[in-house]
Structure formats: structure tokens, C-alpha cells
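I open this notebook to record what I looked up in one protein model. The entries follow the order in which I worked.

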Amino acid sequence: MNKTQSLTSGAMAAAVLILISLVMQWLPYHAILTYNSAQLGESIWTLVSAPLVHLDWNHWLFNMAGLALVVGIFNDQFDMRQLFNNYLLISVISGGLLWLWPETIEYVGLSGVLHGLLLVCLINATLKQPWYLAVIVVLLGKVIAELAGFRPDHFVGPDVALIHAAGMIAGGITWFLQRRRLADAVNRQKTQQD
């Protein structure tokens, strides 16, 4: 895939996610799309719907700009399938991690998924250019500072740090899962049996 195709595919996938989020933001049913860890069994769809719904239009705009920025900077890493796979894996894994937290967590917004998506991109970039490791360290430091109590003014709710941390962990797991192709695992097992 050449760079122009990658940019178009990644940009198209991001545009589709932004359009879906725009429509969901206009819907009056935000309560049934909001993630709530205590009610996840009755509303499993919120694993993928909550990141696309936002508190208000400013929150939506900020998150969509973040998505466009990540896809724009790392456009060579995306096609339609890759961006949607990353979105689905990171949102489901991070939601699962938050479900394991002993207290009830509610959230909407893309920031957790963005943290995970950015980590996936940075790890891939580090494999080609090791200086990206410094950016990963800064991102990890930011999330650790948030967990330690640093709360910028734009944070809404006490669980934002946990959501960002879950997104980062989910991003690491997603990167690992995508590096280990299923066909490779099957072939390895078959070889061991022979």
C-alpha cells in the first residue's frame, strides 16, 4: 500500500468514526450509550458506543480533533481495517479493565481510546525510529501523573485518569495481539504436534 492509499484509507476510516460520533452526539439517548461498569452485563454495547458519545460539543470537538491528529501524524500505519480493529479492540479491552475496577465507573468520550491508539502508533514508530521511545515515556509519565492526582481544568469527573490508564494498557495489549498473527499461532501449534 503506498502512502497516498494509506492516507486516504486512514482518513476515510477516521471520517467514518467522526460521522458516526456526530450522529450519536445528536441522538437524545445518551444514557443508554454511556458506559457504566456496574451495568455492563445489561448494556454490553456501551463498550463500543460510549467512546463515540460525549458530554457536550466542546468535548466532542476536542476528541475528534485528537483522532484526526493521531491519524494524520501516523497515517502510514492505517487503513480502514486497521483503524476499526484498533478502535474495537482498545474500546472493548479498556472497558473490560474498567469493569474489573472495584468501584463503579461511568464514562463517555474517546480520550481513553485515543491514549491506547496513540500508544499503538508510538510503539510501531519506535520500532523504526527509536527516539519515539522518549514520547512513550512522556505519555506514560502524563498518565502516571494523572493517577497520582494531577487534574487539569478540562478533566470532568474523578475517573478520567483511570480511563486514560485503561486505554494505555488496552493499547499495549492491542499492539501485542496485532503483532501475533493468528495464522502464525496455528502454524506453530501444528508444527509442535507433528
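Entry 1: I began with Glu-146, which is buried at a relative accessible area of 1%; buried means under 20%, exposed over 50% and partly exposed in between, with a 1.4 Å probe and protein chains only. Lys-142, by contrast, counts as partly exposed at 31% relative accessibility. I noted that Lys-142 and Glu-146 form a salt bridge, their closest N and O atoms lying 2.4 Å apart. The term stands for a side-chain nitrogen of Lys or Arg within 4 Å of a carboxyl oxygen of Asp or Glu. Side chains of opposite charge can pair when their charged atoms come close. Lys-142 and Glu-146 are about one helical turn apart, because four residues separate them in helix 7 (residues 132-147). I found one salt bridge in the structure.

**Entry 2: basis of the values.** I record that the model is predicted, that local features need pLDDT of at least 70 and side-chain atom pairs pLDDT 80 or more, while totals for chains, interfaces and linings use all residues. Residues are numbered from 1 along each chain as its sequence is written, and side-chain values use heavy atoms, with hydrogens and water left out.

**Entry 3: the overall fold.** I listed nine helices and two strands, taken as DSSP runs numbered from the N terminus (helices H or I, at least four residues; strands E, at least two). From the N terminus on, the order of elements is α-α-β-α-α-α-β-α-α-α-α. The protein has 194 residues, of which 43% count as buried.

**Entry 4: a surface patch.** Which residues form a nonpolar patch on the surface? I found Leu-19, Val-23, Leu-27, Tyr-29, Ile-32, Ile-44 and Trp-45, with about 710 Å² of accessible area together. Patch residues have over 30% relative accessible area and no salt bridge; nonpolar side chains (Val, Leu, Ile, Met, Phe, Trp, Tyr) are joined within 5 Å, like charges within 9 Å. Areas come from the Shrake-Rupley method with a 1.4 Å probe, and for residues only the protein chains shown count as cover. Val-23 sits in helix 1 (residues 3-26) and is partly exposed at 45%. Tyr-29 lies in the loop between helix 1 and helix 2 (30-33) and counts as exposed at 52%. I also noted 9.9 Å between the C-alpha atoms of Tyr-29 and Val-53, which are 24 residues apart along the chain.

**Entry 5: the cavity.** I found one cavity of 30 Å³ or more. On a 1 Å grid over the protein atoms alone, a cavity is a set of points where a 1.4 Å probe fits but cannot get out; a pocket is an open set with protein on both sides within 12 Å along at least five of seven lines, and lining residues have an atom within 4 Å of a point. The largest cavity holds about 50 Å³ of space. Its lining includes Leu-17, Leu-67, Tyr-87 and Val-113, and divides into eight nonpolar, no polar and no charged residues. Helix 6 gives the most to this lining, with three residues.

**Entry 6: a pocket.** I looked up the second largest pocket, which holds about 590 Å³ of space. Of its 24 lining residues, Gln-77, Gln-82, Asn-124, Gln-178 and Arg-179 lie nearest its centre. Helix 6 supplies the largest share of this lining, six residues.

Terms used
Grid points are joined across faces, edges and corners, and a volume is the space filled by probe spheres set on the points. Ala, Val, Leu, Ile, Met, Phe, Trp, Tyr, Cys and Pro count as nonpolar, Asp, Glu, Lys and Arg as charged, and the others, Gly among them, as polar.
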